[in-house]
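Open the model in your viewer and keep the selection panel at hand. The stops below go from a sheet to a core and then to a single side chain.

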Amino acid sequence: SNIAREYRLNGPCQTIVNACSSGTDAVGIAASWLRSGLCDIVIAGGADELGRVTYNGFTSLMITDESFVKPFDRNRKGLNLGEGAAILVLESEAVRKERAVRARAFVLGYGSACDAHHLTAPHPEGDGLKRALDEAIATSGVSQDEIAFVNAHGTGTPDNDRVESRVLSEKLPKTPFLSTKGYTGHTLGAAGAIEAAFSVACLEEMRIPANIGFSEADPELPATPVRMVTEVHGRAALSESLAFGGNNAVLVLGKGEL
């Protein structure tokens with residue numbers, strides 16, 4: 001509401017509160033508003049700050065690591081909390097062409113699905129994530145071979161990384177992936193937006209950074225992240241979020257114009 005008043009925006013205004021998938025859902029919903037003709041430009045993203053309640057809550061769940069987070073590593077113990085924000089400005093093709101500007105990236109697809117399984121733990125087989133991923137790819141018109149990389153949720157918790165690795169191994173076995181939470185910590189409601197912005201930057205560079213914290217493969221995880229800066233090939237990237245409540249959200253982001 002503050003942003004709407006500041007810029008005198010009179011279109012739809014909504015706050016997405018969907019745990020750790022909030023930022024991803026915000027961008028996906030923004031794209032759907034544009035495609036439906038509900039508005040021409042949308043300011044979308046996520047912001048979250050660290051507080052005592054949040055910190056103590058995650059500590060009580062015993063899913064935090066006192067040392068640096070180790071996404072997908074055999075010795076992972078839990079997440080590091082972080083704080084941050086990222087905002088993306090989305091506009092319709094008609095407005096973009098009228099303004100004669102280059103698009104840095106395109107939101108090609110979006111999928112969302114609930115595990116309906118547990119308050120905090122993901123479904124053991126990743127049922128909701130699979131549905132969200134399938135929906136995102138189907139709506140994007142992108143083939144699996146055109147996906148350059150996956151920006152995984154990768155919290156460094158035992159359950160999340162196990163489920164996500166299994167799903168990526170099944171659905172995208174040849175696609176490189178990483179978690180950027182080794183750089184930022186888990187920014188909760190902001191994570192999806194921050195990781196979408198990172199994904200856009202990586203598509204522009206056509207390379208992805210190393211998955212910080214990963215040094216020893218876990219025999220229970222069939223897929224492992226990249227260990228070094230890696231060149232990628234393809235016209236799209238996946239950015240996915242797994243949230244408390246069993247919420248799963250996936251974005252397919254496409255390369256911008258040259």
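Which residue is the bridge partner of Val150 in strand 8? Select Leu238: this residue of strand 8 is bridged to Val150. This is a predicted model, in which local features need pLDDT of at least 70, side-chain atom pairs count only at pLDDT 80 or more, and totals for chains, interfaces and linings use all residues. Residues are numbered from 1 along each chain as its sequence is written, and side-chain values use heavy atoms, with hydrogens and water left out.

Now select strand 4 (147-151) and strand 8 (residues 236-243), which run parallel and are joined by four bridges. Helices (H or I, at least four residues) and strands (E, at least two) are DSSP runs, numbered from the N terminus.

Widen the view to the open sheet of five strands, ordered 3-9-8-4-5 with mixed pairing; two strands pair if DSSP finds at least two bridges between them. Strand 3 and strand 5 (177-178) are its edges, each pairing on one side only.

Finally, go to Lys70, in the loop between helix 3 (52-60) and strand 2. Lys70 counts as buried because its relative accessibility is 17%; buried means under 20% relative accessible area, exposed over 50%, partly exposed in between (1.4 Å probe, protein chains only). Show Asp65 as well: the side chains of Lys70 and Asp65 are joined by a polar contact of 2.9 Å. Such a contact is a pair of N or O atoms within 3.5 Å; within protein, one must be able to donate a hydrogen and the other to accept it, and residues adjacent in sequence count only if both atoms are side-chain atoms.
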